[in-house]
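Hi,

Here is the structure I promised to pass on to you. Have a look at it first, and then read my notes below.

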Amino acid sequence: MVRTVEAETAGSSFYVSPAGRSTGDGSAANPWDLQTALSGPNSVHPGDTIWLRGGSYRGTFFSSLVGTALNPIVVRQYPGERATLDGINSLGNNILTIGGAYAWFWGFEIVNSDPNRISAQTGPWPTDVSRGDGYASSASAGIKLINLIIHDAGQGVGSFSAATTAEVYGSIIFNNGWIAPDRGHGPAIYTQNIAPSTKRYVDNIVFGNLGVGVQAYGSTAASVDNLY
């Protein structure tokens with residue numbers, strides 16, 4: 001279960017803006033740019049919240065934030081504003097890749113606004129369509145995606161075996177993928193998991209994706225154990 005808002009906001013607050021800078025201090029008056037905040041500044045500790053001010057954050061981003069199981073770091077859209085991560089011109093790279101551990105990502109939008117979603121190539125990695133995944137996991141533990149809107153990416157969520165004890169909760173994931181001569185590609189959720197951890201997908205809304213809705217795909221190198 002997702003814990004109460006009060007539990008996540010007991011620590012310090014920091015701020016990110018589309019006009020923020022790497023030389024900022026993360027204050028409301030002098031915010032960071034998004035990648036600087038996700039790189040884990042020394043001033044950010046477990047239990048803190050990083051607020052995303054409204055606007056479009058264009059590019060691709062990697063999070064190395066490290067919280068704890070009891071005190072995750074929360075990256076959250078600022079109340080009453082709309083924060084969008086836009087992976088246009090991502091050249092097929094993931095819009096948001098999450099490493100680190102015990103970080104929660106809450107309430108914002110992830111999209112690729114490139115209108116091209118028709119490929120002349122078959123297979124899962126076309127070079128003529130530049131739609132990277134909305135979210136993809138690196139080696140991480142305790143990552144949660146909460147109430148996100150993920151759409152028009154390559155696939156919505158790619159959560160693989162290296163991401164343990166992950167959860168996607170209350171998110172809307174739609175219109176992901178592309179059309180190719182062989183079929184539609186790009187599921188809403190592509191997942192794997194390895195025991196003993198459990199990976200949870202709870203109360204999400206999934207529709208209109210050009211591949212399948214949810215695909216748990218295993219092999220001799222990738223397990224699909226303990227999926228809820």
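Which strand holds Ile-172? Ile-172 sits in β17, residues 172-174. Strands here are DSSP runs of E with at least two residues, helices are runs of H or I with at least four, and both are numbered from the N terminus.

Before you go on: this is a predicted model, where local features need pLDDT of at least 70 and side-chain atom pairs count only at pLDDT 80 or more, while totals for chains, interfaces and linings use all residues. Residues are numbered from 1 along each chain as its sequence is written, and side-chain values use heavy atoms, leaving out hydrogens and water.

Ile-172 is partly exposed because its relative accessible area is 31% (buried is under 20%, exposed over 50%, partly exposed in between, with a 1.4 Å probe and protein chains only).

Now the inside. Beyond its neighbours within four places in sequence, Phe-108 is in contact (heavy atoms within 4.5 Å) with residues including Leu-52, Val-75 and Ile-149.

Finally, find Leu-210 in the loop between β22 (205-207) and β23 (214-216). Leu-210 counts as partly exposed because its relative accessibility is 31%. Setting aside neighbours within four places in sequence, Leu-210 is in contact with Arg-117, Trp-178 and His-185, among others. Its C-alpha atom is 24 Å from that of Tyr-228, 18 residues away along the chain.

Enjoy exploring!
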